[in-house]
Amino acid sequence: MNAIPQAATRTPSSAASSDKSRWTVADVEALYQIPLMDLVYRAQQVHRENFDANEIQRSTLLSVKTGGCSEDCGYCSQSARHHTETEREALMPLDDVLAAARAAKDKGASRFCMGAAWRGPKDKDLAQVTEMIRAVKGLGLQTCVTLGMLKDGQAEELKDAGLDYYNHNLDTDASFYGQVITTHKHADRLDTLGQVRDAGIKVCSGGIIGMGESRRNRAALIVQLANLNPPPESVPINNLVPIPGTPLANVAPLDNFEFVRTIAAARIAMPTSFVRLSAGREAMSEEFQALCFLAGANSIFYGEKLLTTGNAEASRDEALFEKLGLRPI
Ligand code: SAM
Ligand code: DTB
Ligand code: SF4
């Protein structure tokens, strides 16, 4: 039965199509306004047209260089400008990275993502990271790194090392960006994404919601991601993890259904991208996560830790997958 129910067909025609090449903020805001049952139904349809709805991709994160970052991102535990409990750690030795990657592979992750608290890598840092990429790839894992802004030539070095994905989030709408981050600009993020794409590396880019932004800001973030040409292969949607000592420590939490709507809108606007239910999952119930999967999320961060904060336990994820009949890919 493929018929779309009446309420879903009443979506403005401009927002109903899932194969649009350009989205407007009005299109995505219109998606947010659809009754939740219709929106999730529509997102699930788009999902099924492009993916096996019972399959989930799993990436494991490791912070290879922690804290002491020059940037002032208002959400981040690793900024040297905030007074958080995160302790600085130097770039991790290769053997430690490899041990963590082996453990992630043994637990069933398909991708290993290494994060560094830098504004961007210095050339000597990049040389060490490319060694890590070569070694992790040698284990048979897909590789991803998130190192901040890249300078000319650095994306090509990463590509030569065999890097599969570069994570660099737009994080929030261009018009809200300056309220959260002042040490670099939204346009700088786009520039790095262009360099990654030009080097032939797959793009992982998404954002954080629940930072006090408006629904219009959330819609605009999705539009900025969906209108990248091509859109990112991987789109992490992070729910803000409030960190004591950061400027965003006390922001009121986002309503769960608004989070689900954001996942559904991302799925509809980026039909062939993996949409990752990212930070914030530790605090989510099984039912909330299941609703996010129904709304089109098909990837998670897997393992006990994100970068500096906790994540849902792998054993709890295994049990949830079992209950939902979800298969890892
Ligand atoms: N320094 C690099 C950068 O900013 O691109 C890489 C590491 S940075 C920690 C990676 C991403 O983590 C950020 O872009 C942001 O989306 C996410 N993040 C950081 N702190 C977060 C928090 N408290 N809650 C949710 N997501 C967070
Ligand atoms: C992404 O979108 N989320 C991950 C990863 N990409 C690098 C990071 C989440 C960080 C959550 C807060 C922390 O653990 O410090
Ligand atoms: Fe630094 Fe990245 Fe944290 Fe911003 S999000 S403070 S750039 S580690």
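Axes here are lines fitted to C-alpha atoms, for helices over the stretch in contact, and angles run from 0 to 180 degrees between N-to-C directions. Helices (H or I, at least four residues) and strands (E, at least two) are DSSP runs, numbered from the N terminus.

## Basis of the model

This is a predicted model, in which local features need pLDDT of at least 70 and side-chain atom pairs count only at pLDDT 80 or more, while totals for chains, interfaces and linings use all residues. Residues are numbered from 1 along each chain as its sequence is written, chains are lettered from A and ligands numbered from 1 in the order in which they are written, and side-chain values use heavy atoms, with hydrogens and water left out.

## Helices α12 and α13

Helix α12 (residues 286-294) and helix α13 (residues 314-324) cross at roughly 60 degrees, and their axes come within 11 Å. The two helices α12 and α13 are therefore oblique to each other; angles under 35 degrees count as roughly parallel, over 145 as roughly antiparallel, 65 to 115 as roughly perpendicular and the rest as oblique. The crossing of α12 and α13 is right-handed, that is, the near helix is turned clockwise from the far one by less than a right angle.

On the α12 side, E286, Q289, A290 and F293 meet R316, D317, L320, K323 and L324 of α13, where contact means heavy atoms within 4.5 Å. The residues of this contact of α12 with α13 comprise four nonpolar, one polar and four charged. In this scheme Ala, Val, Leu, Ile, Met, Phe, Trp, Tyr, Cys and Pro count as nonpolar, Asp, Glu, Lys and Arg as charged, and the others, Gly among them, as polar.

## Helix α11 and its partners

Helix α11 (residues 256-269) packs with α12 at an angle of about 25 degrees, the axes being 8 Å apart. That angle makes α11 roughly parallel to α12. The crossing of α11 and α12 is right-handed. From α11, N256, F257, F259, V260 and I263 make the contact with F288, L291 and C292 of α12. By class, the contact of α11 with α12 has seven nonpolar, one polar and no charged residues.

Helix α3 (residues 25-33) packs with α11 at about 130 degrees, with the axes 9 Å apart. The helices α3 and α11 are therefore oblique to each other, and α3 passes α11 in a right-handed crossing. V28, L31 and Y32 of α3 contact E258, R261, T262, A265 and I268 of α11. The contact of α3 with α11 has five nonpolar, one polar and two charged residues.

## Ligand surroundings

Ligand 1 is surrounded by 18 residues, of which Y75, N169, D171, R189 and V241 are the closest; a residue is near a molecule if one of its heavy atoms lies within 4 Å of it. A polar side-chain atom of N169 lies 2.9 Å from an oxygen atom of ligand 1, and a side-chain N or O atom of R189 is 3.0 Å from an oxygen atom of ligand 1. A backbone N or O atom of W118 lies 3.2 Å from a nitrogen atom of ligand 1.

Ligand 2 is surrounded by 13 residues, the closest being N169, N238, L307, T308 and T309. Oxygen atoms of ligand 2 lie 2.9 Å from a polar side-chain atom of N169, 2.8 Å from one of N238 and 3.0 Å from a backbone N or O atom of L307.

## Backbone exceptions

Most residues other than glycine have a negative phi, and most peptide bonds are trans. D171, in the loop between β4 (165-167) and α8 (174-180), has a positive phi of about 70 degrees although it is not a glycine. N229 and P230 are joined by a cis peptide bond, with omega about 0 degrees; P230 is in the loop between α10 (215-226) and β7 (234-239).

Conventions. Polar contact = N/O pair within 3.5 Å; in protein donor to acceptor, adjacent residues only side chain to side chain.
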